[in-house]
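Subject: Structure for your review

Dear colleague,

Please find below the structure that I am handing over to you. My notes on it follow directly after.

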Amino acid sequence: IGLENYKRLLTDTDVRTALLNSVKMMVLTVIFEVGIAFVLAVLVSQVKKLQHLFRTVYFFPVVISATAIGLLFKLFYNYNGGMLNQILEVFGVEPVNWLSPELAFIMVCIPTLWSYIGFYFVILLTGLSDIPDDIYEAASIDGCNRFKQVFYITLPLMTPVLFMNLLIGLIGAFKSFTLFKILTDGGPNNASLVYMLYLYKNAFSNFKLGYANAMSVFLFVIVGALTSLLYKTSKKWVYY
């Protein structure tokens, strides 16, 4: 059928919805996963005795099966008897439909972000350990406080590691699938439909393998373009 599948991509409203949700996921990944992981890594780097304990605690969600996390949070969000609604009932608050069209996307993002923060945390903590202590000592002697040290020393010297984490996060955001499939299956009303889930549905539910293949090529182009853009902008803010 030639390029008909690619022409359909440009007019398919579900593709635009799924792509927009994946972009939202990418923004949340950059801001929360990498951002929170960096703050935690800076704080933990100041602790010497319990550092191994913190590494284990923060990394633990990464090794848990995404399917198990999805089923666990599905119990939390359950309208009838879910843990969150049970807590609300204690305070006399009416139960909330946590997976409603207004809340579904963000409620799926929460366990997604939680399960990956530890991954970025360990990488960033390792990068922090490579910064020589004498740089901080010299800054302290010159009267530089802790906040300025983080802003003027830690951040610039960590930019190569941050760049790598941003690159991994960008690609990972467009690969988001398991938790969205288990918790909402893209619903309700496509509120939590992400690109990989829509691709999966076309391939293995609707058996439109040609269209799904076109979607995968389109995704390759998008991720490639964003990766190239990130590499080009890195020349202005990454210091080796």
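I begin with Asn 190, which is partly exposed because its relative accessible area is 28%. Please bear in mind throughout that this is a predicted model. Asn 190 is found in the loop between H9 and H10, and its phi is near 65 degrees, a positive value in a residue other than glycine.

Asn 189 lies in the loop between H9 and H10 as well. Although Asn 189 is not a glycine, it has a positive phi of about 55 degrees. With a relative accessibility of 71%, over the 50% cut-off, Asn 189 therefore counts as exposed.

Pro 188 is also placed in this loop, which runs between helix H9 (178-183) and helix H10 (195-204). The peptide bond from Gly 187 to Pro 188 is cis, and its omega is near -10 degrees. As background to these entries, most residues other than glycine have a negative phi, and most peptide bonds are trans.

Ala 18 counts as buried because its relative accessibility is 0%. In sequence, Ala 18 and Ser 192 are 174 residues apart, yet their C-alpha atoms are 7.9 Å apart in space. Residues up to four places away in sequence not being counted, Ala 18 touches Leu 193, Val 194, Tyr 195 and Tyr 198.

Asp 12 is found in the loop between helix H1 (4-11) and helix H2 (13-45). What is the nearest side chain of opposite charge to Asp 12? That side chain is Arg 8, 4.3 Å away. A salt bridge requires a distance within 4 Å, so Asp 12, although buried, has none. The side chain of Asp 12 does, however, form a polar contact of 2.7 Å with the side chain of Tyr 211.

Finally, I draw your attention to helix H6, which covers residues 104-129. At 1.5 Å a residue, its 26 residues should span 38 Å, and the end C-alpha atoms are 39 Å apart, so the two values agree. H6 also has a kink of about 30 degrees, centred on Tyr 116.

Yours sincerely

Notes:
Residues are numbered from 1 along each chain as its sequence is written. This is a predicted model: local features need pLDDT of at least 70, side-chain atom pairs count only at pLDDT 80 or more; totals for chains, interfaces and linings use all residues. Side-chain values use heavy atoms; hydrogens and water are left out. Helices (H or I, at least four residues) and strands (E, at least two) are DSSP runs, numbered from the N terminus. The expected span of a helix is 1.5 Å times one less than its number of residues. The bend at a residue is the angle between axes fitted to the seven residues ending there and the seven starting there. Buried means under 20% relative accessible area, exposed over 50%, partly exposed in between (1.4 Å probe, protein chains only). Lys and Arg count as positive and Asp and Glu as negative; His and the chain ends are not counted. A polar contact is a pair of N or O atoms within 3.5 Å; within protein, one must be able to donate a hydrogen and the other to accept it, and residues adjacent in sequence count only if both atoms are side-chain atoms. Contact means heavy atoms within 4.5 Å.
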